[in-house]
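Let's take a walk through this structure together. Have the 3D view ready, and we'll begin at the ligand before moving out into the rest of the chain.

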Amino acid sequence: MIDINKIREDFPILKREIGDKLLVYLDSAATSQTPRQVVEAINEMYYRHKANVHRGVHTMSLEATDMVELTREKVRRWINAESTEEVVFTRGTTEGINLVASSMGEMFANGDEIILTVMEHHSNIVPWQLLQRHKRIRLRVVPIDGEGNLNMAAYEDMFTENTRFVAVTHVSNVLGTVNPVNDIVSIAHRHGVPVLVDGAQATPHMRVDVRAMDCDFYAFSSHKMYGPSGVGVLYGKKRWLSRMTPYQGGGEMIGNVSFEKTTFAELPFKFEAGTPDFVDVAAFGAAIDYIESVGIEEISAHERRLLRLATEELTKIDGMRIFGTSAGKGAVLSFLVGTASAYDVGLLLDKLGFAVRTGHHCAQPLMTSLGIQGTVRASFAVYNTEDEVRRLAAAVGRVSAMLS
Ligand SMILES: *Cc1c(COP(=O)(O)O)cnc(C)c1O
């Protein structure tokens, strides 16, 4: 068992007050809080190693480069990629998906089809729609059942000779559903179709092994896994990355430049134009160290306990509706209570110190399919406690009585 009180000491923000109430932070699916160890790594970069990377011969530049490349190796190990050539630093999940949509998109033709699911985050919908400005590409959408599980039979039936790509979230940020990505990938590969997995809600909570999954691309964000904002990772199989054109042009990503002909750098630098966010990339390495020091399996088990307790406690409240009841779901709990709007519930909970998310959670098509405008979402991380969950349930009970 992990010592939550000791872990909470690593997160000074958890001691702050909202009005005169102690903060209860239940919005980690939007962004997690950051431990002291990571903030110190950021400070260390600014105080001792700030120099541009991959360019200088001077000592500090070499140190900064080493720290960025050390994080790349930590990421490689963390997701079990074959090579650091397959680990591209981005600004986040969104940029990773845009990169793939843009560069893979050049290989698509009119009439090609891309399979998505109804539970995608907007960042795994809109980049594919942007492609439709240039090409007549058809998006096909896998539906879900009442518990929030993908309809896998419908998915299998969607493949045609025109299917070119599958893009699917690993874990739903609204329903918590953990999609069967191994099956999704193997079905797609049987049809010769590559798969991108949106891992934004998976990497903070479970061990991810891109080689076991055999996905072609995997995108995620540092800020949701106790790391700094402004950094993400796109994993891509070398056989795809090497064929893809660069997403952006500039410094760092070139071999030789002349006005007649420019050649591109080796992987992964071909996809990292301009000065990267080297301070935060370096500090992201400290976030991975932090997760490893606690243990991702322990984090998962703790969050599952919190989710189970929250589900039990909230279900006791009159008029409670929980969205997403898939077996083995992740640590997010979306709900509505009585006739109260999500917004009103969120506003009153904030007055009591609880930070929860309200609204469509960047998943409007999913809201439409559920026939609602939005939900209240509580999401859990390593630093949340059972006591906080009980207080949330009591507060939701109070708030819903006030609003009914
Ligand atoms: C947060 C999130 C994203 C977007 O991540 P950014 O860090 O904002 O780029 C994409 N997909 C899912 C499932 C998410 O939860």
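Start at the ligand, which has 13 residues around it, and the ones that come nearest are Thr94, Asp198, Gln201, Ser221 and Lys224. A residue makes that list of neighbours if one of its heavy atoms lies within 4 Å of the molecule. Before going on, keep in mind that this is a predicted model, where local features need pLDDT of at least 70 and side-chain atom pairs count only at pLDDT 80 or more, while totals for chains, interfaces and linings use all residues. Residues are numbered from 1 along each chain as its sequence is written, and side-chain values use heavy atoms, with hydrogens and water left out.

What kinds of residues make up the shell around the ligand? There are ten polar ones, two charged ones and one nonpolar one. For this sorting, Ala, Val, Leu, Ile, Met, Phe, Trp, Tyr, Cys and Pro count as nonpolar, Asp, Glu, Lys and Arg as charged, and the others, Gly among them, as polar.

Now zoom in on some atoms. A polar side-chain atom of Thr94 is 2.6 Å from an oxygen atom of the ligand. Gln201 also has a side-chain N or O atom that lies 2.6 Å from a ligand oxygen. With Thr93 it's the backbone that takes part: one of its polar backbone atoms is 3.4 Å from an oxygen atom of the ligand. Pairs like these are polar contacts, meaning N or O atoms within 3.5 Å; within protein, one must be able to donate a hydrogen and the other to accept it, and residues adjacent in sequence count only if both atoms are side-chain atoms.

How much of the ligand does the protein bury? Taken alone, the ligand exposes 380 Å², and the protein buries 86% of that. Areas like this come from the Shrake-Rupley method with a 1.4 Å probe, and for residues only the protein chains shown count as cover. The space that the ligand takes is the largest pocket. A pocket here is an open set of points on a 1 Å grid over the protein atoms alone, where a 1.4 Å probe fits and there is protein on both sides within 12 Å along at least five of seven lines. A molecule sits in one if more than half of its atoms lie within 2 Å of the pocket's grid points.

Ser334 lies in strand S12, which covers residues 332-337. Helices (H or I, at least four residues) and strands (E, at least two) are DSSP runs, numbered from the N terminus. Ser334 counts as buried because its relative accessible area is 0%; buried means under 20%, exposed over 50%, and partly exposed in between, using a 1.4 Å probe and protein chains only. The side chain of Ser334 also makes a polar contact of 3.4 Å with that of Thr375.

Is Met367 buried or exposed? Met367 is buried, at 2% relative accessibility, whereas Leu370 is partly exposed at 28%. Met367 and Met119 are 248 residues apart along the chain, yet their C-alpha atoms are separated by 8.8 Å. Leu370 and Phe323 are 47 residues apart, with 8.6 Å between their C-alpha atoms.

Glu388 is buried, with a relative accessible area of 3%.

Last stop: the backbone. Most residues other than glycine have a negative phi, and most peptide bonds are trans. Asn80, in the loop between helix H3 (59-79) and strand S4 (87-90), has a positive phi near 60°. Glu252, in the loop between H9 and H10, has a positive phi as well, near 75°. Asn80 is partly exposed at 26% relative accessibility, while Glu252 is buried at 15%. Finally, find the cis peptide bond that joins Leu267 and Pro268, where omega is about 0°. Pro268 is in the loop between helix H9 (238-241) and helix H10 (278-294).

Notes. 1 Å grid on protein atoms, 1.4 Å probe; cavity = no way out; pocket = protein on both sides within 12 Å on 5 of 7 lines; lining within 4 Å.
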